[in-house]
Amino acid sequence: MKEIKAIIRPVRLDDVREALGQVAGFPGMTITHVEGCSSPARHQPHDFKEELLDYSPKVRIDIVIDDQYAKAVYETIKRVASTKHVGDGIVWMNTIDQFDYIWQPDT
């Protein structure tokens, strides 16, 4: 199993969701509204006020997925979320050692 996480611009969420719905094996995702800022080396605030208000709204996507489908989902997020500008966000993937659904159907 893999865990894919991405932090993207909120305006890209609908396009990412639509694209992921077309990817084989896509299991669904959890969305969290977050705020973030880029590294000072990538963005230099012009004044103190801008430095204090440098946080911008973002959306975090969390997905747990079978290994065989993970690469396609990862690449789809990377491609569709991009506007080709600084601040588009980040995407990463981790291996999950153990995974279970909390709810189990009666047997």
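This is a predicted model: local features need pLDDT of at least 70, side-chain atom pairs count only at pLDDT 80 or more; totals for chains, interfaces and linings use all residues.
Me: How far apart are the end C-alpha atoms of helix α3?
Reply: Helix α3 runs over residues 67-81, which makes 15 residues. At 1.5 Å a residue, the helix should span 21 Å. The separation in the model agrees with that, at 22 Å.

Me: Around the axis of α3, how wide an arc do the buried residues cover?
Reply: The buried residues of α3 are A70, V73, Y74, T76, I77, V80 and A81. They sit on the same side of the helix, because the arc they cover is only 165 degrees.

Me: Which exposed residues does the face of α3 turned away from its buried side carry?
Reply: The buried side packs against β1 (2-8), α1 (13-20), β3 (56-65) and β4 (89-95). The face turned away from that side carries exposed residues, namely Q68, K71 and R79.

Me: Is T76 buried or exposed?
Reply: T76 is found in helix α3. Leaving aside neighbours within four places in sequence, T76 is in contact with A19, L20 and V23. Its relative accessibility is 8%, and the limit for the buried class is under 20%, so T76 counts as buried.

Me: Where in the chain do the salt-bridge partners K5 and D62 lie?
Reply: K5 forms a salt bridge with D62, and the closest N and O atoms are 3.0 Å apart. This pair links distant parts of the chain, 57 residues apart: K5 lies in strand β1 and D62 in strand β3.

Me: Which residues are linked with K5 in a network of salt bridges?
Reply: K5 also forms a salt bridge with E3, with 3.7 Å between the closest N and O atoms. K5 and D62 are both buried, whereas E3 counts as partly exposed because its relative accessibility is 23%. The residues linked with K5 in the network are E3, R60 and D62.

Me: How many salt bridges does a search of the whole structure find?
Reply: Among them are the pairs K5 with D62 and K71 with E75. The search of the whole structure gives a total of six.

Terms used. Residues are numbered from 1 along each chain as its sequence is written. Side-chain values use heavy atoms; hydrogens and water are left out. Helices (H or I, at least four residues) and strands (E, at least two) are DSSP runs, numbered from the N terminus. The expected span of a helix is 1.5 Å times one less than its number of residues. Buried means under 20% relative accessible area, exposed over 50%, partly exposed in between (1.4 Å probe, protein chains only). The arc is that of the directions from the helix axis to the C-beta atoms. Contact means heavy atoms within 4.5 Å. A salt bridge is a side-chain nitrogen of Lys or Arg within 4 Å of a carboxyl oxygen of Asp or Glu.
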